[in-house]
Amino acid sequence: MEIKKDILWRVYLCFIGIIILGTVVVGKAFYIQRVQGKYFKGMGDSMHLKYMAVDAERGTIYSEDGNMLSTSVPIFDIYIDFLADGLREKEGKRFKENVDSLSICLANLFQDKTANEYKKELQLAYKNEDRYYALKKKISFDQYQQLRDFPLVRLGKNKSGFIIDPRDKRINPYILLANRTVGLSRLNSSKNVGLEQSYDSFLRGTTGERLMRYVAGSYMPVEGAELEPENGKDIITTLDTYMQDVAENALMRMVAGNNSLHGTAIIMETATGKIKAIANLGKQPDGTYTEDLNYGIGKRTEPGSIFKAVTLMSLLEDKYVDINTKVDCEGGVKYFHGLRIADSHLGTGVITVQDAFARSSNVAFAKLADQYYHDQPAKFIEHIHRLRLDTLTGVDITASSGFPIVKKANSKTWSGTTIPFMAHGYEVLETPLNMLMVYNAIANNGKMMKPYLVNSIREYGIDVKTFQPEVVVEKICSDETLAQLKACMIAVVDSAHGTAHKIYDSLYSIAGKTGTAVTALNNKGYNKGNKIYQASFIGFFPAEKPLYTIAVVIQNSNESKLIYGADVSGTVFKEISDRIYSRFVGTGKYIAPSKADTSNYNYYGLKNELNSIYSDLKMPFMDSAVGGYWRTANMKSNSTVLNTPVYFSNSTPITPNVIGMGLKDAVYLLENKGFKVTISGKGKVVNQLPIAGTAFKKGQPIALVLN
């Protein structure tokens, strides 16, 4: 019995010990979780360390004349560590003494919340002991400079808990200027475009590393543990900001004024192939225009009559014709295997090849090409191949849809009408830059240059790589053919029947070719109502010793009032060439033409300012308005008439026309009428929405697009 009691005593003792031990374990677990939980969690978080990439400062893209086209500016993310020792010592005395003044300063700086709202947010984050509280992101350098002097912040990181995380933001200082060519830099470099994409490996530099600690759901940088990144190199382009600005403005005036769908203007230095400017503008759903696609490099279309230079070169080089050969245009209409080809101006009979080129006769070139190449199409295709019209241009930036298409004689789509239609610019697809290369080669005495956009790559002010002009075809044709081609292109401008005679200028000579191609609207075919017109002009100046070659290609809409190449693209070409000639080419002072200027010029402005301008310049004018503050100035034949603009009265609830006005006048007028004005761009107003003449209510927004 004693043995049994002894055994039971031991069992009970063990059982009691197990209960006591279990109670201690459970109690300790409860104590650790509830009482020491935050401490051990903080210790665990502090052990989560990892190296994270630090982006290098991206290189800057410059124009040839030294202006920044794309650069990086610093922006700052601001965080607060509310468990910083200096912030919580003495029961948070430092925080409590400064939170009111800090909140006031933050409210005044950012203008997004009241001081009371900022104070409540900061106090709540302090109470919750946030380790990486995001106060503000993407603040500018100016805002950062002001923030550094705020109460609490100026005491330093350890006492204030403020953590500054700097990074870079990519900007284009000129906004619209060459935006699609320079390109966009995104976090995912595979989505970059333009030069930002092509030269990304040079621009981005070498990524560094920073030691980061995982704290309360976020990574905080560990001070002093960073491998510095190596900054990117700079790119010096061939672009000239003056020429680019001229091209953008001239193109904007035309596409916006003519309600076109999109357009491009490219300026090339004839001797070198340098692209001095490339403007691309596309119409947006809201009616504004912006650089949305690179139409000059990536948009291939049927070129129309600008392709006749290729046909003429082939005929001349093969000695089938010369520019004095007679050709019967047959009244401007002829059928080829049942398909009709017609000239824009009917009634033409027998004329010379030069006159047919100047008049842009579709029938003449379709007949000549069909006569000599119908049975030997490969010979015609070979000329096209020699001019690299079936090859990418090789320019520095790429475009997925920019590969030209030229049919071969063994193609399934080849037919008896292919040669006649190719002869005047159909059944081939070319980009404006491909065609510009051909015209530039003609201007450059037959030497075809590779177009390029970058002069050099520079590191800390020293060129580490340079790019030189590159010849891709030493001679596209004989000197005899070149001379005849130039004579025909000059006739397009300076002959009475030339399609571009409207842009003739006695100060300097221009050679080129117009084109008006019928294109299908939304790929619905060429049926009446679906077709629209692409207007083109490619030429060079001065014709006797060319310095610059320019291509202007504009896709009109079915609402465009002007459709022909000379009226649309020729006008843009002339504005660009005039500006370039006056600044870079002309050697003497401009001499006004002896005959009166019969072109109309309209401008809106305040009555008193216009009166002062005309009086000071001693220019005759007549104010035919009775009253009011605003006037429209109509200048014609050296005389000016001032009238009261329609809808400018504040009492009239109709939207005024502010296109052509300076921003200051436009905003002053519109805000006085009760509009809320939003602005994009710089310069003068080139478009507005809602349009002039529509009714409005006070407080209604109006969007202005500046050039």
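**The cavities**

A: Grid points are joined across faces, edges and corners, and a volume is the space filled by probe spheres set on the points. The model is predicted, so to speak of local features pLDDT must be at least 70 and side-chain atom pairs count only at pLDDT 80 or more, while totals for chains, interfaces and linings use all residues. Residues are numbered from 1 along each chain as its sequence is written, and side-chain values use heavy atoms, with hydrogens and water left out.

The largest cavity has a volume of about 60 Å³. Its lining residues, those with an atom within 4 Å of a point, include H262, G263, Y295, K299 and I554. Strands β9 (262–269) and β24 (548–555) each supply at least two of the lining residues; strands here are DSSP runs of E with at least two residues, and helices are runs of H or I with at least four, numbered from the N terminus. By class, this lining has four nonpolar, six polar and one charged residues; Ala, Val, Leu, Ile, Met, Phe, Trp, Tyr, Cys and Pro count as nonpolar, Asp, Glu, Lys and Arg as charged, and the others, Gly among them, as polar.

The second largest cavity holds about 30 Å³ of space. Among the residues lining it are P303, I306, E430 and M435, with α17 (432–443) and β23 (531–541) each giving at least two. Its lining divides into five nonpolar, four polar and one charged.

Key. 1 Å grid on protein atoms, 1.4 Å probe; cavity = no way out; pocket = protein on both sides within 12 Å on 5 of 7 lines; lining within 4 Å.
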